Amino acid sequence: MRIYNPLLGIFAYNRPSHFKRLLISLENYNINKIILFIDGPKNDKDKVNQFYISNMAKNSKLNIKIIKRKNNLGLRNSILKGVDYLANNSEYFTILEDDLVVYENFFLFHSENLLHHKYDHEIFGICGFQFKNIEKNQSELSSFKIKYFIPWGWSSWSNKWKKFRKYNFDKIVIPEYINTKNKLKKENYWSLDVINYSKKNNQFFIYPTVSLLKNIGFDGSGVNSKVSKSFIMSEKKINKQNKKNLIKIEKEIDKKF
């Protein structure tokens, strides 16, 4: 079994049952090292849940280092500071959150594309999720690039991340549907920085034609998400990787966004 060399960072907070499912999905892979980031608790219930999360990590057969914050940083600062840590300790890295379950080809897809696009200045990162209407007619795993960023199971290179962090942003534009429909805190939308950066600097992301993970966080348990069945993906059986032309899929993705 090949070792997954990119440093794997996991962000968890107060959902031990979700975190357990993620750990189970990772046990079949010989991952070199995992850094688990746990943001500081807001209340006693969070403390109890984080106690269970820490114990699961300590008792796992995986090589996990735990970094627990004393104070609550919030989602945005927790992610940004955590990724900064990974970027300072590895050439490249992969990010997972505690509400994701990875499928068989996730790590292979990310590791191959991290190596292949290492010197491609247009590629900022590798993503692992795909929408149902895109993958429904796909039987083979292929890759294509678009400018949009979905922060569910993604990878990048430390030098590219550090360049992004040094960028001087204008006022962040919050999409109207976030302001009115979801009514969530603006400061939690850290991924908007990446989206704005990629658009302004002509940066792309590599995506799979089928989803390589499942998001189990839209069950009402998350602090920053609502109940939804739209993102529940089943694992597809993939026989091989196909490098065919994917212009049609790219156009469908453009319409989706």
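This is a predicted model: local features need pLDDT of at least 70, side-chain atom pairs count only at pLDDT 80 or more; totals for chains, interfaces and linings use all residues.
1. Burial of S6. Strand S6 spans residues 92-97, and six of its six residues are buried, so the strand is largely enclosed by the rest of the structure. The burial holds for both faces: Tyr 92, Thr 94 and Leu 96 point one way, Phe 93, Ile 95 and Glu 97 point the other way, and all are buried.

2. Pairing with S2. Strand S2, residues 7-12, pairs with S6 in the parallel sense, over five bridges. Within this pairing, Leu 7 is opposite Phe 93 of S6.

3. Pairing with S10. S6 also pairs with strand S10, residues 154-157, here in the antiparallel sense and through four bridges. Ile 95 is the residue standing opposite Trp 154 of S10.

4. With ring centres within 6.5 Å taken as the criterion for a pair, the model has 21 aromatic pairs.

5. Charges over rings. Two lysines deserve a separate entry. Lys 160 lies over the face of Trp 157, with a distance of 3.8 Å to the ring centre. The charged end of Lys 145 is placed over the ring of Phe 204, at 4.7 Å from its centre.

Conventions:
Residues are numbered from 1 along each chain as its sequence is written. Side-chain values use heavy atoms; hydrogens and water are left out. Rings of Phe, Tyr and Trp (its six-membered ring) pair if their centres lie within 6.5 Å; planes under 30 degrees apart count as stacked, over 60 as edge-to-face and the rest as tilted. A charge sits over a ring if NZ of Lys or CZ of Arg is within 6 Å of the ring centre and within 35 degrees of the ring normal. Buried means under 20% relative accessible area, exposed over 50%, partly exposed in between (1.4 Å probe, protein chains only). Helices (H or I, at least four residues) and strands (E, at least two) are DSSP runs, numbered from the N terminus. Two strands pair if DSSP finds at least two bridges between them.
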